[in-house]
Amino acid sequence: QVQLAESGGGLVQAGGSLRLSCVASGHAISTFAMGWFRQAPGKGRESVAALTSTGSNTYYSYSVKGRFTISRDNAKNTVYLQMNSLKPEDTAVYYCVAKSPGSSRFDYWGQGTQVTVSS
């Protein structure tokens, strides 16, 4: 089992930056694909960013591409999401996710961290 714990959320003004961290425990994540989802009030969950176990390939949603950067430090069992040029529409609960080798979906989820961007 993998436990994921997010941190780094908070309140920021539009145009500002935040860096989210996700620390994994219970299993090394070096062979896991990792990602971030978010859920805004009244909306469904949206995939924001993801990267492969080696970090060689990344994915970003159209809405965040060019502003957010996902990275990982396998030695620290940690994944990051650097968020720049934040907009009010980025307000959401952000979830760290992990996909175990051979799985077809992200099968581990964190509890989420709130990000609020004021205009």
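Colleague: Asp90, buried or exposed?
Modeller: Buried, at 1% relative accessibility. That comes from a predicted model.

Colleague: Which side chain does Asp90 meet in a salt bridge at 2.9 Å?
Modeller: Arg38, with the distance taken N to O. Arg38 lies in strand S4 and Asp90 in the loop between S8 and S9, so the pair ties together parts 52 residues apart in sequence.

Colleague: And Arg67, what does its side chain meet?
Modeller: Arg67 forms a salt bridge with Asp90 at 2.8 Å, N to O. This pair also links distant parts of the chain: Arg67 sits in the loop between strand S6 (58–60) and S7, Asp90 in the loop between S8 and S9, and they are 23 residues apart. Arg67 and Asp90 are both buried.

Colleague: How many salt bridges does the count come to?
Modeller: The count is 3. Besides the two with Asp90, the side chains of Arg38 and Glu46 meet at 2.8 Å, N to O.

Colleague: Changing topic. What is the strand order in the open sheet of 4 strands?
Modeller: The order is S1-S3-S8-S7, with antiparallel pairing. Strand S1 (3–7) and S7 are at the edges with a single partner strand each, so one side of each has no neighbour in the sheet. The twist averages 15° from one strand to the next.

Colleague: What does the side chain of Thr78 reach?
Modeller: The backbone oxygen of Lys76, at 2.8 Å. Thr78 counts as buried, at 6% relative accessibility. Leaving out residues up to four places away in sequence, Thr78 touches Cys22, Val23, Ile29, Arg72 and Asp73.

Colleague: Now the largest nonpolar core. Which residues have the most contacts inside it?
Modeller: Leu4, Met34, Trp36, Leu81, Met83 and Tyr94, in a core of 30 residues. Strands supplying at least two core residues each include S3 (18–25), S4 (33–39), S8 (78–83) and S9 (92–99).

Colleague: What lies apart from it?
Modeller: Another core, of 5 residues, among them Phe37, Ala50, Tyr95 and Val97.

Conventions
Residues numbered from 1 in each chain as written. Predicted model: local features only at pLDDT ≥ 70, side-chain atom pairs only at ≥ 80, totals over all residues. Heavy atoms only, no water. Core = buried A, V, L, I, M, F, W, Y, C linked by side-chain atoms within 4.5 Å. Buried < 20%, exposed > 50% of the residue type's maximum accessible area, 1.4 Å probe, protein only. Polar contact = N/O pair within 3.5 Å; in protein donor to acceptor, adjacent residues only side chain to side chain. Contact = heavy atoms within 4.5 Å. Pairing = 2+ DSSP bridges. Axes fitted to C-alpha atoms, helices over the stretch in contact; angles between N-to-C directions. Salt bridge = Lys/Arg side-chain N within 4 Å of Asp/Glu carboxyl O.
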